[in-house]
Each structure stands twice: as C-alpha cells, then as structure tokens.
Amino acid sequence: MNVSDAVRQRRSIRDFRADPVPQELLADILDTARWAPSGSNIQAWRIIAVAGAERDAVVQITRKAPTSAGFGKTDDPYPIYPPELWEPLRTRRYTLAEDMYRALGIPREDKPARFQHVARNFEFFGAPVGLFFVIDRRVVHGQWAHLGMLIQTVALLLEERGLGSCMQEAWASYRAELATRFQLAPNEMIYCGMSVGFPATDKPVNQFPRSRMSLDELVEFRGF
Ligand SMILES: Cc1cc2nc3c(=O)[nH]c(=O)nc-3n(C[C@H](O)[C@H](O)[C@H](O)COP(=O)(O)O)c2cc1C
C-alpha cells in the first residue's frame, strides 16, 4: 500500500472484530511510528497500549461518572472544543453525527440510542486494543500539534497492516481516572485514546460516505 492509498482509505472504525492484535505486530507498527516528526525533535509524548485484562480494567473505570470532562462545557483547562463552535465548523460536526447515526439506523429523536453509541467509545468500539497518547502538560500548543503527527502516523501504519483505528478524544472525559490507573507523573496527561483492531468491514457504521472540504476551500495557491 502506498501512502496516498493509506491516507484515502483510512477511516474511523467504530465496530471491530474480536480477533486479538498480536503484540509483535503492534510493536512493529509503533516502532516505525517513532519516526514521526516533532518540532526541534523534542518528542514530548509517549503511548500507553492496553489489551486483555488491562483493557477490560480501563473499560470498567468508565462505568462510573467521569470526574474530568474535556469536551468544552466545563472548567477543564484542556478542553477538546471551545464551548460553542461557529460556522462552518458547527455544521461539519452536525453533518458527521447525522451521517453516522443514519448508518447506525438511529433517528435524531432517539437520544438514548445515540447516548448508547457514544458510550461505545468507552468499550473501544469492541476493539481488543486501546492506545493512549500521553503529553507533557508543561508544553504549549506547538507540541500538541506535534502529537497529531504521531497519531496520524500510527493510524496510517495500522491501515497498511490491515488494522483499523478510531482516534478518541472522548477519553478526555476520564483523564483523571486514567492518570490514576496508569500512575502518570504529575506533569503528564492523556490527550486522547485510539481504538485498534481488525475492522468489522461489513458494518454500516464503517461504511457511510465521509466528506471533506474541497481543495479550493483548503488551499490558497499563490504565485504558481
Ligand atoms: C484527535 C481526534 C479525536 C477523535 N475523537 C473521536 C471520538 O472520541 N469518537 C469518535 O467516534 N470519533 C472520533 N474522532 C474521529 C473523527 O470524527 C473523524 O476522524 C472525522 O469525522 C473524519 O472521519 P474519518 O476519520 O472517518 O475520515 C476523532 C478524530 C481525531 C482526529
């Protein structure tokens, strides 16, 4: 698989087969992902990978209400979103939700079913492996951008090996609990999680058409 194919084929997988992911395979992928770039090569990051009993223990943590919620409507110093999105961002977010829930066959008014799907985040959507991306909280916004390099590199390498992934900022809701579980240093925090496993490719939630801004919207070509 070439890079262009990996970039175009990768999509967020929200339903996985139960088949385990061999540790050697994951280690090989992450060993390559180490070569993701970061400004000044400072690599202010690390990854915690969970499977088996440790994965199950993490899932159990989320059966309690979270003590931290990074989604913006709290006083979390590291919110995932601003309290209110503006256009066109708000519509893009709304469109994704509508496309996804349509694929899941969940109507807009069925709030309990929508809530249940959101809760699937905290079962890694059935994936046997979870990754957590840890950042040093002393860094500034530049290093948060660097971390994105690592995360997408991991996702593309997983794609190349026939594995699927879903990046999950939803885990920000459980930052405090996860920090305790993983005995993070005081200066460390989890930015986001990632479900990893073999995709249940036949499931509609893994098939609905996705959209992106056009090339014209994305790029302003000057001086060509
Ligand atoms: C950093 C990051 C965090 C994300 N967190 C979640 C999440 O918590 N739950 C979820 O279902 N999708 C999550 N997504 C997936 C996005 O919704 C998805 O990438 C976007 O809709 C584009 O679709 P695609 O990945 O299928 O191309 C996240 C994506 C990124 C980049």
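**Helices and their surroundings in a predicted model**

Helix α4, residues 89-104, has 16 residues and reaches 23 Å from its first C-alpha to its last, close to the 22 Å expected at 1.5 Å a residue. The structure in view is a predicted model. Within α4, the buried residues are Glu98, Asp99, Met100 and Tyr101. Part of the cover over these buried residues comes from α5, residues 111-120. Just after α4, glycine 105 takes a positive phi of about 70°.

Attention may now turn to helix α3, which spans residues 52-61. Here Arg55, Ala57, Val58, Val59 and Ile61 are buried. Among the elements that cover the buried residues of α3 are β1 (45-51), β2 (129-136) and α7 (175-181).

A further step is to consider how one helix lies against another. Two packed helices are described by the angle between their axes and the distance between the axes. For helix α2 (residues 23-33) and helix α6 (residues 141-160), the axes come within 9 Å and cross at roughly 135°. An angle over 145 degrees would count as roughly antiparallel, and 65 to 115 as roughly perpendicular; α2 and α6 are therefore oblique to each other. Their crossing is right-handed.

Which residues of α2 and α6 make the contact? From α2 come Leu26, Ile29, Leu30, Thr32 and Ala33, while α6 provides Leu150, Thr153, Val154, Leu157 and Leu158. Sorted by class, the contact of α2 with α6 has eight nonpolar residues, two polar residues and no charged residues.

Conventions:
Residues numbered from 1 in each chain as written. Predicted model: local features only at pLDDT ≥ 70, side-chain atom pairs only at ≥ 80, totals over all residues. Heavy atoms only, no water. Buried < 20%, exposed > 50% of the residue type's maximum accessible area, 1.4 Å probe, protein only. Helix = DSSP H or I, 4+ residues; strand = E, 2+ residues; numbered from the N terminus. Contact = heavy atoms within 4.5 Å. Axes fitted to C-alpha atoms, helices over the stretch in contact; angles between N-to-C directions. Parallel < 35°, antiparallel > 145°, perpendicular 65-115°, else oblique. Left-handed = near helix turned anticlockwise from the far one by under 90°. Nonpolar A, V, L, I, M, F, W, Y, C, P; charged D, E, K, R; others polar. Expected span 1.5 Å × (residues − 1).
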